[in-house]
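User: Could you walk me through the side-chain contacts in this one? I'd like to start with the aromatic rings and then move on to the charges.
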Amino acid sequence: MVTVHLISSMAANRHMLMGNQMIDSNWYDAHATFYGDMSGGDTMQGACGYGDLFKQGYGLQTTALSTALFNNGLTCGACFEIKCFNDPKWCYPKAGSLIVTATNFCPPNYSKPEGNWCNPPLKHFDLSKPMFTKLAYYKAGIIPVKYRRVLCYKKGGVQFQIKGNPYWTVVLLYNVGGAGDIKDVKIKGSSTGSWLQMSRNWGVNWQTGAKLVGQSLSFQVTTSDGKMIEFDTVVPANWQFNQVFDGKKNF
């Protein structure tokens, strides 16, 4: 059984308030660069705690975020629409926009006085090279962009990968739709009797010290817009570490 709870009605409001951020129709100024080559190998793993982004469904449609946008990892999984803006020398004339998911962190560099695009308070996207070259010539190096937060549209259900050891359970959540970024996770074993609060280990990895081996597992996942989905018994009692389980439903 999967139940959905809406803490605030999105249909009744053009905006979804998320702390001091909003998903709306307004565009904001930033800059973009790229890292890695066209294969995207350098974009795998990353500071959000994902693994093989191809296997996890993100592919090369990803970005690293500067400090101002990364929010200490709380923005991991969020989706952004980006377009090259006001640079006729480098922007492709009819490139349009593209949507990427935040999967990594572009760290600040305080060792030189200028050219540090990922330093606070600058808003910056470090795209995979294939994404950058959909917007502009790669020789540009850096381009001005407009961006906005958008809803994430993912195929299939939320995915739960169980990691850790018998005394420490870590759950990697990926392929999360809707707002994309997760603000709360609770877990319940078939023998625990009640929901247990998980804490963020890093990025999209959530942890608990409860002993859960041999129990079927259920989850309550809440995204940053306040929407919560309950995933009932999505992990069977005979689960093994490093296995991935399909939540069947999404935001």
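Analyst: Two rings of Phe, Tyr or Trp, taking the six-membered ring of Trp, are treated as a pair if their centres lie within 6.5 Å. This is a predicted model, and in it ring pairs link Y28, F80, F125 and Y147 into a cluster.

User: How many aromatic pairs are there by that rule?
Analyst: The count comes to eleven aromatic pairs. In one of them, the ring centres of Y28 and Y147 are 5.8 Å apart and the planes stand at 45°, so this pair is tilted.

User: Where do Y28 and Y147 lie?
Analyst: Y28 belongs to strand β4 (residues 28-35) and Y147 to strand β9 (residues 143-150), so the pair ties together parts that are 119 residues apart in sequence.

User: And is Y147 buried or exposed?
Analyst: Y147 counts as buried, with a relative accessibility of 6%, whereas Y28 is partly exposed, its relative accessible area being 34%.

User: Which residue lies over the face of F80?
Analyst: That is R149, placed over the face of F80 at 5.6 Å from the ring centre. In another arrangement of this kind, K83 lies over the face of W27, at 4.1 Å from the ring centre.

User: Staying with F80, what stands opposite it in β7?
Analyst: F80 stands opposite V100 in β7. The strands concerned are β6 (residues 79-84) and β7, which pair in the antiparallel sense over five bridges.

User: What about β5 and β7, parallel or antiparallel?
Analyst: Strand β5 (residues 62-65) and strand β7 (residues 97-105) pair in the parallel sense, over four bridges, and A64 stands opposite N104 in β7.

User: Switching to charges, how many salt bridges are there?
Analyst: There are four salt bridges by the rule used here. One of them joins D29 to K146, with the closest N and O atoms 2.6 Å apart. D29 lies in strand β4 and K146 in strand β9, so this pair ties together parts that are 117 residues apart in sequence.

User: Is K146 buried or exposed?
Analyst: K146 is buried, with a relative accessible area of 16%, while D29 is exposed at 53%.

User: Back to R149, which residue does it form a salt bridge with?
Analyst: R149 forms a salt bridge with D181, and the closest N and O atoms are 3.3 Å apart. Since R149 lies in strand β9 and D181 in the loop between β11 (168-174) and β12 (182-189), the pair ties together parts that are 32 residues apart in sequence. R149 counts as buried at 5% relative accessibility, and D181 is buried with a relative accessible area of 5%.

User: How far apart are N and O for K186 and D184?
Analyst: The side chains of K186 and D184 meet in a salt bridge at 2.8 Å, N to O. K186 counts as partly exposed at 25% relative accessibility, whereas D184 is buried, with a relative accessible area of 17%.

User: Where is K129, and what is it in contact with?
Analyst: K129 has its place in helix α2 (residues 129-135). Leaving aside neighbours within four places in sequence, K129 is in contact with F34, Y35, G36, D37, M38 and Y138.

Definitions and conventions. Residues numbered from 1 in each chain as written. Predicted model: local features only at pLDDT ≥ 70, side-chain atom pairs only at ≥ 80, totals over all residues. Heavy atoms only, no water. Phe/Tyr/Trp six-rings, centres within 6.5 Å; stacked < 30°, edge-to-face > 60°. Helix = DSSP H or I, 4+ residues; strand = E, 2+ residues; numbered from the N terminus. Buried < 20%, exposed > 50% of the residue type's maximum accessible area, 1.4 Å probe, protein only. Lys NZ or Arg CZ within 6 Å of the ring centre and 35° of its normal. Contact = heavy atoms within 4.5 Å. Pairing = 2+ DSSP bridges.
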